[in-house]
Each structure stands twice: as structure tokens, then as C-alpha cells.
Amino acid sequence: MIPEREYARQEQRRGRRHAYTRLDPARTALVVDMVPFFDGPAARAADIAGVPVTAAPAPAPAATATRHSDASPWSAGAELTAPGNAFCTSGFGAWRDKTPVLLTAAHCGTSGTYKTGTGTVIGTASDSDTGLDITVINTNGTPSGRFYDGAWDNASGYSKRVFGAGHNSVGGLVCGSGAMSGVHCGLKVTQTEYAAGVEGTWHKDMDVAERTDSGTVAVAQGDSGGPVFASINGGEDMQARGIIVAGSGQKAVCSPTAARTTCYDTVLYTPISPVIDKFGLSIA
């Protein structure tokens, strides 16, 4: 046993720390969970218990993936730092043959490296179609088959599962999810197969959805590339419907957003079916 005076001297020099003891499975020793650089509690526990004691670092808590700081497996609706340093949003994850990919808008960038909002490399743009306004990113890691739901600043990483892909019809209701402004539902499809010039580029085969409730925001700049989806049965099962490419209609007063931006009451998006056909994708 260490003399009490010597123990006190060592404790003062090292600094006191709380340690948590537990029996090992064989019940032949105590295990002390602790910060790795401090071994005082293990020695003291051995003196008290009269059995061998090992010191083990307490496991670090797992980081929660969020819109701002996504991680593999990658989800839709997360913040992207585009190759030109623009703020964009990730679209649905998918498989292209055996290659995991993530979609976003082509005007965010058709070449170069995409990163999360905190700088983690997601992958590199591998293909694009400016007419559809879609870029395909080959990812480091796999798609999660989920998308972020809720507010743009939700800290819990709240997400929902994607179940396949579907077709949009005039009069149907969809939702959009963007890293800049969060999720917006109650959007009524007013046009399909719509073509228009957006930021100097002619876009084909877009769908249009407008707000139908008391809210004024359907999309914000920075939500480009994000997922558009719809409930399959009125519940939690959501179906991929498209990729956000632009805002239109009346400019709206933004609620709190990830950064200063411009909001609109109408969203233009590329329907998911021609994207799947063009790039040969299986939505994750």
C-alpha cells in the first residue's frame, strides 16, 4: 500500500479527478474509466479493493451528424460547401452501379471537391447535366437513404427515411428541405414539365410548387440541390420527388436562416425520374 503522505503528495501534483469503477466480467478485478493521462485513481483503487485494477479511458460520445456537419453515411438536406465556396444543399443519395453518389444542383459546381459545412470532404463531382441542373458527386462513404427534416439549425440531426421515387402531378403536395432555410411543406404542384432560363442557363423539365398555407417561404437561396419529397401514405414514409434548383414568384420575408439570404414563395425543382434515367441511379 502507498503511504498516505506519499499518496497525498502524488494527488496534489497530478490533480484530483473523478474515476468510475466497475467489476470486470470475471469479477476478479476493478476497471476504472478515466481520462487516459491520469493513473492515480487506478493505483488508489487497487489499494482499497485489494485486487488488480486496470485503467481504461472512458469512451468518447459519438458526434451527432447534422445539416451543418454531416458525416458518412451521407444524408440529403445537408449543407454543402461547393467547389467555388458557395453555400448549397445535398440532394438524395444513390448508387450508380456500385458507386455511392450524392446529388446536388449543377449551378453549385460541375467539377471539383464538395465539403460539409465544417470542411469535411464529401467527394468529387463526377458527372453533370446543366439542362437538368444536376451534378453527381462520387462520395467518400455511403449514402444513408435519409434526409434531414425540421429546422435548418436542428441540433439533434432529425431525419426521415426515403422510400423509393415517385412522379409529380399538378395539384399534389410536396415538401422541400434545404440547409439554408430548413423544411417547407404544404407546397402545391402547379406546373410540370416547365422550362425556363435560370441564372442565364436554360433549364428543361422542371416542376413548380407554391405555398398554399399562411407561410410565405417555399425556398431560399442556398437550398439549391436539396431534396423535394412527398408522403406515400400520409405518414412518415417519404418518397423522393425531385431536386431544388431555384426560387421564383414573390420574394418573401425570410424567417431565421443559416445566413443572410433571399427567400421566395415558389420553388422550381427538377423531378427525380429524368435524373434517375439520365445517370442510371438507384435511389438509396
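Reader: How many of the 284 residues in the protein chain are buried, as a percentage?
Author: Buried residues make up 46% of the 284 in the protein chain. The model is a predicted one. A residue is called buried when its relative accessible area is under 20%.

Reader: What secondary structure does the protein chain have?
Author: The chain has three helices and 21 strands.

Reader: What share of the accessible surface belongs to carbon and sulfur atoms?
Author: The accessible surface is about 13800 Å². Carbon and sulfur atoms hold 51% of that surface.

Reader: Why is strand S8 called largely enclosed?
Author: Strand S8 covers residues 99–104, and five of its six residues are buried, so the rest of the structure largely encloses this strand.

Reader: How do you know that S7 and S8 pair?
Author: Pairing needs at least two bridges between the strands. Strand S7 (residues 93–96) and S8 are joined by four, and they run antiparallel. Ala94 stands opposite Val101 in S8.

Reader: And what makes S8 and S11 a pair?
Author: The cut-off is again at least two bridges. S8 and strand S11 (residues 134–139) have four bridges, in the antiparallel sense. Val101 has Asn138 as its bridge partner in S11.

Reader: Which residue in the turn of the S7 and S8 hairpin has a positive phi?
Author: That residue is Asp97, with phi of about 60°. Two residues lie between the strands of this hairpin. Asp97 is not a glycine, yet its phi is positive.

Reader: Why does Asp97 count as exposed?
Author: Exposed means over 50% relative accessible area. Asp97 has 70% relative accessibility, so it counts as exposed.

Reader: Is Asp133 buried or exposed?
Author: The limit for buried is under 20%. Asp133 has 1% relative accessibility, so it counts as buried. Its phi is positive too, near 60°, and Asp133 is a residue other than glycine. Asp133 sits in the loop between strand S10 (121–129) and S11.

Reader: What makes the peptide bond from Ser72 to Pro73 cis?
Author: Its omega is near 0°. Pro73 lies in the loop between strand S3 (53–57) and strand S4 (74–76).

Reader: What is the strand order of the open sheet of eight strands?
Author: The order is S6-S5-S9-S10-S11-S8-S7-S21, and the pairing is antiparallel.

Reader: Why are strands S6 and S21 called edge strands?
Author: Strand S6 (87–89) and strand S21 (282–283) each pair on one side only. S6 has its partner in strand S5 (residues 79–81), through three antiparallel bridges. In that pair, Thr81 stands opposite Phe87.

Reader: Which strands of the sheet does H3 touch?
Author: H3 packs on the sheet and touches S7, S8, S10, S11 and S21. The direction of H3 makes about 90° with that of S10.

Reader: Which residues of the largest nonpolar core touch the most other members?
Author: They are Phe92, Leu103, Ile134, Ile272, Val275, Leu281 and Ile283, in a core of 21 residues. S8, S11, strand S19 (238–252) and helix H3 (272–279) each supply at least two residues of this core. H3 gives the most, with four residues.

Reader: What does Ile272 touch, leaving out residues up to four places away in sequence?
Author: Contact means heavy atoms within 4.5 Å. Ile272 touches Phe92, Leu103, Ala165, Gly166, Ala240, Arg241, Gly242, Ile243 and Ile283.

Reader: Which residues does the second, separate core include?
Author: This core has 12 residues, among them Val228, Ile244, Tyr264 and Tyr269.

Reader: How do you know that S14 and S15 pair?
Author: At least two bridges are needed. Strand S14 (residues 173–178) and strand S15 (residues 182–198) have five, and run antiparallel. Val174 has Leu187 as its bridge partner in S15. The two strands form a hairpin with three residues between them.

Reader: How many bridges join S15 to S16?
Author: Eight bridges join S15 to strand S16 (residues 201–211), and the two run antiparallel. Val198 has Thr201 as its bridge partner in S16. Two residues lie between the strands of this hairpin, where Glu199 takes a positive phi near 55°.

Reader: What share of contacts between residues at least 6 apart in sequence join residues at least 24 apart?
Author: In the protein chain, that share is 60%.

Definitions and conventions
Residues are numbered from 1 along each chain as its sequence is written. This is a predicted model: local features need pLDDT of at least 70, side-chain atom pairs count only at pLDDT 80 or more; totals for chains, interfaces and linings use all residues. Side-chain values use heavy atoms; hydrogens and water are left out. Buried means under 20% relative accessible area, exposed over 50%, partly exposed in between (1.4 Å probe, protein chains only). Accessible areas come from the Shrake-Rupley method with a 1.4 Å probe; for residues, only the protein chains shown count as cover. A nonpolar core is a set of buried Ala, Val, Leu, Ile, Met, Phe, Trp, Tyr and Cys residues joined through side-chain atoms within 4.5 Å. Axes are lines fitted to C-alpha atoms, for helices over the stretch in contact, and angles run from 0 to 180 degrees between N-to-C directions.
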